[in-house]
Amino acid sequence: MKKLTVGILGPGTVGGGAYQILVNNHDLIQKRTGVSIEVVKLLTRRPRSEYPADLLTDDPDEILNDPNVDVVIETMGGIQPATSFMIQAMKKGKHVVTANKAAVAASYEELVMTASENGVKFLFEASVGGGIPVLTSIQNPLSGNNFTEVMGILNGTTNYILTKMTEDGADYENVLKDAQARGFAEADPTADVEGIDAANKLSILIALLFGKYIAPSDIPTKGISHVTGQDIAEAADENCIIKLIAHAVLKDGKISCSVAPEKVPISHPLAGVSNEFNAVYITGDMVGEVMLYGKGAGALPTGSAIVGDIIDIAKNL
Ligand SMILES: NC(=O)c1ccc[n+]([C@@H]2O[C@H](COP(=O)([O-])OP(=O)(O)OC[C@H]3O[C@@H](n4cnc5c(N)ncnc54)[C@H](OP(=O)(O)O)[C@@H]3O)[C@@H](O)[C@H]2O)c1
């Protein structure tokens with residue numbers, strides 16, 4: 001039986017979800033891939049009673065420099081040290097799987113090049129749309145298309161807030177507090193509500209769809225913190241709904257892109273994407289319009305995308 005060993009940098013929400021799936025569904029995955037996938041090390045800065053004590057380490061080198069670790073899952077978050085750790089792992093011949101959109105979007109070209117130079121895989125399906133298999137779809141079943149446009153609802157927090165503002169007529173501040181209390185918004189919601197998270201994801205989508213890297217800081221970005229009840233009512237009068245849309249269009253060889261609250265006609269498929277759900281609406285010259293929909297966050301949906309990437313590596317052993 002072939003074996004694949006995995007080290008997880010940051011077994012928090014998402015890393016923990018991936019761990020749970022790899023352990024609970026071990027036999028199913030082994031049956032489907034012919035490979036036994038085993039988590040052998042977890043990097044965390046504090047004791048965590050939910051994991052076997054002998055797997056825990058606070059020393060990154062115990063994963064990055066261990067020749068017995070084949071795949072590194074990076075779910076620490078933040079740009080550094082996550083990016084340096086991923087590069088170090090690939091230079092040591094390890095495949096890397098990550099959910100970290102901020103790190104992928106900030107150093108996309110360097111990360112992809114490091115993987116290619118070292119003959120390893122660098123996979124990041126979980127970084128856009130959580131559990132929705134959007135990047136794999138772009139790179140595999142849809143890859144015979146010239147893509148011309150993408151529109152995405154890529155941030156669950158802002159979609160939840162806009163949905164509640166629309167349905168309940170509540171104002172932004174109150175809905176944000178409610179979202180924080182229910183765990184749909186971070187204590188510091190800036191990256192979500194100001195569109196920064198969606199811009200990171202759009203940067204990754206543009207790279208894969210159009211083969212061109214645009215840094216998130218070069219994407220005109222406007223969040224939802226200034227959207228008012230009056231804006232929503234005016235949109236409704238025009239049979240539209242306000243959504244935070246990550247939007248990119250390729251026309252005459254030029255890419256225009258933005259993240260901003262947009263009026264979406266209620267007849268458009270994206271108008272029905274509510275609460276914390278995400279969706280990506282892609283136009284290809286052969287397939288026409290395709291919409292992928294699902295849970296854009298959460299331990300198990302995002303963990304499912306990470307495990308999908310690991311299965312890809314296992315199948316190609
Ligand atoms: N949460 C989601 O639903 C979701 C969805 C899609 C993508 N993502 C992305 O997934 C990544 C992880 O998010 P998360 O929500 O799982 O975060 P989280 O729950 O805060 O987990 C992060 C983990 O990384 C560890 N960590 C952070 N910095 C570290 C360092 N310098 N050295 C060692 N360990 C470190 C933390 O350890 P300690 O416990 O020691 O602090 C914790 O175990 C982020 O890039 C996020 O954008 C998250």
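Visitor: At what angle do helix α4 and helix α6 pack, and how far apart are their axes?
Guide: Please keep in mind that this is a predicted model. Helix α4 covers residues 82–91 and helix α6 covers residues 108–117. The two helices pack with their axes 9 Å apart, at an angle of about 15°.

Visitor: Are α4 and α6 roughly parallel or roughly antiparallel to each other?
Guide: Angles under 35 degrees count as roughly parallel, and the angle between α4 and α6 is about 15°. The crossing of these two helices is left-handed, and their orientation is therefore described as roughly parallel.

Visitor: Which residues of α4 and α6 meet, and how do they divide by class?
Guide: On the α4 side the residues are Met-86, Ile-87, Met-90 and Lys-91, and on the α6 side they are Leu-111, Thr-114 and Ala-115. By class, the contact of α4 with α6 has five nonpolar, one polar and one charged residues.

Visitor: Is Lys-91 buried, exposed or partly exposed?
Guide: Lys-91 has its place in helix α4, and, leaving out residues up to four places away in sequence, Lys-91 touches Thr-114 and Asn-118. A residue is buried if 20 or more other C-beta atoms lie within 10 Å of its own, and exposed if 12 or fewer do. Because Lys-91 has 13 other C-beta atoms within 10 Å, Lys-91 is partly exposed.

Visitor: What distance separates the C-alpha atoms of Lys-91 and Gly-119?
Guide: Lys-91 and Gly-119 are 28 residues apart along the chain. In the model, the separation of their C-alpha atoms is 9.3 Å.

Visitor: Which helix gives the largest share of the shell around the ligand?
Guide: The ligand is surrounded by 22 residues, and the closest are Gly-10, Gly-12, Arg-45, Gly-77 and Ala-297. By class, the shell holds eight nonpolar, 11 polar and three charged residues. The largest share, three residues, comes from helix α1.

Visitor: How are α1 and helix α13 oriented to each other?
Guide: The axes of α1 and helix α13 (residues 299–315) are 7 Å apart, and the helices pack at an angle of about 65°. Their crossing is right-handed. Since angles of 65 to 115 degrees fall in one category, α1 and α13 are therefore roughly perpendicular.

Visitor: What is the orientation of α8 to α9?
Guide: Helix α8 (residues 156–168) and helix α9 (residues 172–181) have axes that come within 9 Å and cross at roughly 125°. That angle makes α8, relative to α9, oblique.

Visitor: Which residues are joined by a cis peptide bond?
Guide: The bond has an omega of about 5°. Its proline, Pro-81, is found in the loop between β4 (71–74) and α4. The residues joined by the cis bond are Gln-80 and Pro-81.

Visitor: Is Asp-252 buried or exposed?
Guide: Asp-252 lies in the loop between β8 (240–251) and β9 (254–265), and its phi is near 50°, a positive value in a residue other than glycine. With 4 other C-beta atoms within 10 Å, Asp-252 is exposed.

Visitor: What is the phi of Asn-275?
Guide: Asn-275 has its place in the loop between β9 and β10 (277–284), and Asn-275 is partly exposed, with 13 other C-beta atoms within 10 Å. Although Asn-275 is not a glycine, its phi is positive, at about 55°.

Terms used
Residues are numbered from 1 along each chain as its sequence is written. This is a predicted model: local features need pLDDT of at least 70, side-chain atom pairs count only at pLDDT 80 or more; totals for chains, interfaces and linings use all residues. Axes are lines fitted to C-alpha atoms, for helices over the stretch in contact, and angles run from 0 to 180 degrees between N-to-C directions. Helices (H or I, at least four residues) and strands (E, at least two) are DSSP runs, numbered from the N terminus. Angles under 35 degrees count as roughly parallel, over 145 as roughly antiparallel, 65 to 115 as roughly perpendicular and the rest as oblique. A crossing is left-handed if the near helix is turned anticlockwise from the far one by less than a right angle, and right-handed if clockwise. Two residues are in contact if their C-beta atoms, placed from the backbone, lie within 7 Å. Ala, Val, Leu, Ile, Met, Phe, Trp, Tyr, Cys and Pro count as nonpolar, Asp, Glu, Lys and Arg as charged, and the others, Gly among them, as polar. A residue is near a molecule or strand if its C-beta atom, placed from the backbone, lies within 6 Å of it.
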